[in-house]
Amino acid sequence: MIKTEQLCKRYGSLTVLKDVSTEISKGEIISIIGPSGTGKSTFLRCLNLLEKPSGGSIYINNVDLLAKDTDVPKIRQKTGMVFQSFNLYAHLSVLENLTLGPVKLLGKSKAEANQKSLELLKLVGLAEKAHSFPDELSGGQKQRVAIARCLAMEPEVILFDEPTSALDPTMVSEVLAVIRRLAKAGMTMLVVTHEMEFARNISTRVFYMDEGIIYEEGTPEQIFENPQREKTRAFINRVRSFNYHIDNPNYDLYAMNAEIEAFCEKHLLPPRVCDHILLLVEETLLLQTDFSDISLNLAYFEKTGHLEFRCEAAGEPVNPLAEGVQSDDIGLKLIQSRIEDSQYRYENHKNMLFFKVKSE
């Protein structure tokens, strides 16, 4: 139904999309997830030419959307879009918002458009609001009207651009319920969303976008349970990272500790957890013999609530928890008490230590 080949979009020297190639079949529900600023909304806007691509091809039902002789308005009528900011006409009633397009663009009679629009308002649970004005509606109601207005144009595919991002959390569920109903009816949909559970439950496929490309795609099970690429894993698990590099033995211990404390405070980790992280770092560094290249990484996984600490170093391999290693026994016992069962690893070939730490 939709096919893109090497689609790209640039704003001056800034490349937002680069070489996006994919195919979407009729009836598919594609959730598009990823960090802000990675091209998700731009990708949708290019599909109906709200943004003109800088290069590549777009085919809608085998019609080249970018060809000079293509009737773009006609194609657009089959590709509806629901925006995060509703875009309703404030001076028109809800019913008038729905009937305007079918009458002016589809050539329907006023009576026919009214009847169909009332049916659609029933579908989204707002028939009683037909003669209200947008300012009299809640955010969730406005978005449901926007969905009904899109449906009034009889699209073959609907593009949702973060349809719940402008809503109060209490109103999100009513909009997602309408989208679920459309999914059950077999509507082809592309949904840019930050609602991960919704994306997991509704999608036939998930696109994770990063670096201006579809960085990884797969079934919801593949993306949410077993992502294959590093940035996908970090995003799904909502990983927050801290990195520190040491290249000489005269490193600034106090500056490093201050940065670790700031990281822990930013992510609301308890002071005792921060103290144990500082101890873990200190004990690890006390055993190093070569400070020419030491990389420390601290990762906090919001989804699971645990921390991972990694230390990679040059020089002779050092395993602080190996038998016979001379160090402060109390310090080592404290480290061991904070390491989750079987979540300690040492890789000799990298001289790398890995600890999984409890964050409670």
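The lining of the largest pocket in this predicted model comprises 12 nonpolar, 7 polar and 3 charged residues; here Ala, Val, Leu, Ile, Met, Phe, Trp, Tyr, Cys and Pro count as nonpolar, Asp, Glu, Lys and Arg as charged, and the others, Gly among them, as polar. A pocket is an open set of points on a 1 Å grid over the protein atoms alone, where a 1.4 Å probe fits, with protein on both sides within 12 Å along at least five of seven lines, and lining residues have an atom within 4 Å of a point. The space in the largest pocket comes to about 670 Å³, a volume being the space filled by probe spheres set on the points, which are joined across faces, edges and corners. Of its 22 lining residues, Met 81, Phe 83, Leu 105, Arg 149 and Met 153 are the closest to the centre. Two or more lining residues come from each of α2 (72–77), β6 (79–82), α3 (94–104) and α5 (139–152), and α3 gives the most, with 6 residues. Helices (H or I, at least four residues) and strands (E, at least two) are DSSP runs, numbered from the N terminus.

Residues are numbered from 1 along each chain as its sequence is written, and side-chain values use heavy atoms, with hydrogens and water left out. Local features need pLDDT of at least 70 and side-chain atom pairs count only at pLDDT 80 or more, while totals for chains, interfaces and linings use all residues.

The protein has 12 helices and 15 strands. Of its 360 residues, 51% are buried (under 20% relative accessible area, with exposed over 50% and partly exposed in between, for a 1.4 Å probe and protein chains only). Among contacts with a separation of 6 or more, 65% join residues 24 or more positions apart; contact means heavy atoms within 4.5 Å.

Helix α1 (residues 40–47) is largely enclosed by the rest of the structure, because 7 of its 8 residues are buried. The buried residues are Lys 40, Ser 41, Thr 42, Phe 43, Leu 44, Cys 46 and Leu 47. Just after α1 comes Leu 49, with a positive phi of about 60°. Most residues other than glycine have a negative phi. Leu 49 sits in the loop between α1 and β4 and is buried, at 18% relative accessible area.

Strand β4 (residues 55–60) contains Ser 57, which also counts as buried, at 18% relative accessibility. Beyond its neighbours within four places in sequence, Ser 57 touches Lys 3, Thr 4, Glu 5 and Leu 66. In the loop between β4 and β5 (63–64) lies Asn 61, another non-glycine residue with a positive phi, of about 50°. Asn 61 is partly exposed, at 39%.

Further along, helices α10 (residues 253–266) and α11 (residues 271–286) pack at an angle of about 145°, their axes 10 Å apart. Axes are lines fitted to C-alpha atoms, for helices over the stretch in contact, and angles run from 0 to 180 degrees between N-to-C directions. Met 256, Asn 257, Ile 260, Glu 261 and Cys 264 of α10 meet Cys 274, Ile 277, Leu 278, Val 281 and Leu 285 of α11. By class, this contact has 8 nonpolar, 1 polar and 1 charged residues.

Helix α6 (residues 169–184) holds Arg 181, a partly exposed residue with a relative accessible area of 49%. Its C-alpha atom is separated by 8.9 Å from that of Leu 123, 58 residues apart along the chain.
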